[in-house]
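Biologist: Could you take me through this structure and tell me what stands behind each label you use?

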Amino acid sequence: MTTAPAAASVLVGDDGPVEPVTLSWEDLDRLVAGLASDVGRDHDLVLAITRGGLVPAGMLAYRLDLHEILVAGAVFYLPGGGTHPAPVIGQFPEAALLDGRRVLVVDEVWETGETMTEVVARVRAAGGKPTSAVIHYKPTRSRVPGRPDHHAAVVEGWVSYPYKAGG
């Protein structure tokens, strides 16, 4: 397969072209509703992975009646395509905010899985009990062992989310 394409392009998979997926706000709401039902209410707080996880994290927090949302600043994809050698984590909550707490870690997509894996490892190192949740899981593109604890849908193609302006 190719590297992460622009939103308007088509991935080429083992079985030919993989069409991109364009979500409406209604589609996103339906997926988040299903994810919230699957995730359940056994969490103390939400940790949103920037930037793509901010909107789904807020939507999940409302559905799960969680009032505390923390942010993990992460950059993995480069603007011109490709990735950094590893996710670059900038801002991250202090360990005291995570220690002993059940943390729902949210991102929009598990593509390579490397960003979520890094953030979950940091939550564990801080003494938190992480559970990972994403809107979309791309199992054939994952480059790490394991998978998200929860996902709303499995896709192969590029996903355009309604909150990603110009993307």
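This is a predicted model: local features need pLDDT of at least 70, side-chain atom pairs count only at pLDDT 80 or more; totals for chains, interfaces and linings use all residues.

Biologist: How many helices and strands are in the protein chain, and what makes a run count as one?

Modeller: The protein chain has four helices and eleven strands.

Biologist: Why is Leu 35 called buried?

Modeller: Buried means under 20% relative accessible area, exposed means over 50%, and partly exposed is in between, with a 1.4 Å probe and protein chains only. Leu 35 has 1% relative accessibility, so it counts as buried. Leu 35 sits in helix α1. Leaving out residues up to four places away in sequence, Leu 35 touches Leu 60, Ala 133, Val 134, Ile 135, His 150, His 151 and Ala 152. A contact here is heavy atoms within 4.5 Å.

Biologist: And what makes Ser 132 buried?

Modeller: The relative accessible area of Ser 132 is 4%, so Ser 132 is buried. Ser 132 belongs to strand β9. Among the residues that Ser 132 touches are Val 105, Met 116, Arg 147 and His 150.

Biologist: How do you know whether Gly 73 is buried or exposed?

Modeller: With a relative accessible area of 15%, Gly 73 is buried. Gly 73 is in the loop between β5 and β6 (74-77), and its contacts include Thr 50 and Val 88. Gly 73 and Arg 51 are 22 residues apart in sequence, yet 7.5 Å apart in space, C-alpha to C-alpha.

Biologist: Why are α1 and α2 called oblique?

Modeller: Two packed helices are described by the angle between their axes and the distance between the axes. Helix α1 (residues 25-39) and helix α2 (residues 54-64) pack at about 55°, with axes 9 Å apart. Axes are lines fitted to C-alpha atoms, for helices over the stretch in contact, and angles run from 0 to 180 degrees between N-to-C directions. Angles under 35 degrees are roughly parallel, over 145 roughly antiparallel, 65 to 115 roughly perpendicular, and the rest oblique. The α1 and α2 pair is therefore oblique.

Biologist: Which residues of α1 and α2 meet?

Modeller: From α1 they include Trp 25, Leu 28, Val 32 and Leu 35, and from α2 they include Val 55, Met 59, Leu 60 and Arg 63. By class, the contact has eleven nonpolar, no polar and two charged residues. Nonpolar covers Ala, Val, Leu, Ile, Met, Phe, Trp, Tyr, Cys and Pro; charged covers Asp, Glu, Lys and Arg; the others, Gly among them, are polar.

Biologist: What covers the buried residues of α2?

Modeller: The cover includes α1, β4 (45-49), β5 (69-72), β8 (102-110) and β9 (129-137). Met 59 and Leu 60 are among the buried residues of α2.

Notes
Residues are numbered from 1 along each chain as its sequence is written. Side-chain values use heavy atoms; hydrogens and water are left out. Helices (H or I, at least four residues) and strands (E, at least two) are DSSP runs, numbered from the N terminus.
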